[in-house]
Amino acid sequence: MSTMKIKKGDMVQIIAGKDKGKSGKVIAVNHKEGRVYVEGLNMITKHTKPSVANREGGIITTEGPIDASNVMYLDDGKVSRIGFVFDGTDENGKPIKKRVAKASGKIID
């Protein structure tokens, strides 16, 4: 996969799958597999044995991974693609690359 445009902390909306139309905050990004974890969405159940950390064990629900192609960045309540723009140069003369929401043209970070 090319550059991962979604980052941890972004607000995204699910555009495909069982949670289509729901939105949440990205809590983790797996660049190698091209997947994101969204807070409170794509919940999966895990059966765990008792351990030192979890004395009782049992059934735990956690967020499952979602492919990055199935989420879109939320910009003021509207979904938007993300592009890149060069905004000036740093002290070493290298160009500064920033993310921009294509729908509104606002710089994200």
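Mentor: We will look at salt bridges, then at a patch of surface charge. This is a predicted model, in which local features need pLDDT of at least 70 and side-chain atom pairs count only at pLDDT 80 or more, while totals for chains, interfaces and linings use all residues. Residues are numbered from 1 along each chain as its sequence is written, and side-chain values use heavy atoms, with hydrogens and water left out.

Trainee: How many salt bridges does the structure hold?

Mentor: A salt bridge is a side-chain nitrogen of Lys or Arg within 4 Å of a carboxyl oxygen of Asp or Glu. The structure holds 5 of them. In one, aspartate 10 pairs with arginine 99, with 2.8 Å between the closest N and O atoms.

Trainee: Which parts does that pair tie together?

Mentor: Helices (H or I, at least four residues) and strands (E, at least two) are DSSP runs, numbered from the N terminus. Aspartate 10 lies in the segment before strand 1 (11-14) and arginine 99 in strand 10, so the pair ties together parts that are 89 residues apart in sequence.

Trainee: Are aspartate 10 and arginine 99 buried or exposed?

Mentor: Buried means under 20% relative accessible area, exposed over 50%, and partly exposed in between (1.4 Å probe, protein chains only). Aspartate 10 is buried at 8%, and arginine 99 is buried at 2%.

Trainee: What does lysine 106 form with aspartate 75?

Mentor: Lysine 106 forms a salt bridge with aspartate 75, the closest N and O atoms being 3.6 Å apart. Lysine 106 also meets aspartate 76 in a salt bridge, at 2.6 Å from N to O.

Trainee: Which residues gather in the patch of positive charge?

Mentor: Patches are made of residues with over 30% relative accessible area and no salt bridge; like charges are joined within 9 Å, and nonpolar side chains (Val, Leu, Ile, Met, Phe, Trp, Tyr) within 5 Å. Lys and Arg count as positive and Asp and Glu as negative, with His and the chain ends not counted. Here Lys5, Arg81, Lys97 and Lys102 gather on the surface in such a positive patch. One of them, lysine 97, is found in strand 10 (residues 95-101) and is partly exposed, with a relative accessible area of 48%.

How values were computed
Accessible areas come from the Shrake-Rupley method with a 1.4 Å probe; for residues, only the protein chains shown count as cover. The place of a charge is taken as NZ of Lys, CZ of Arg, CG of Asp or CD of Glu.
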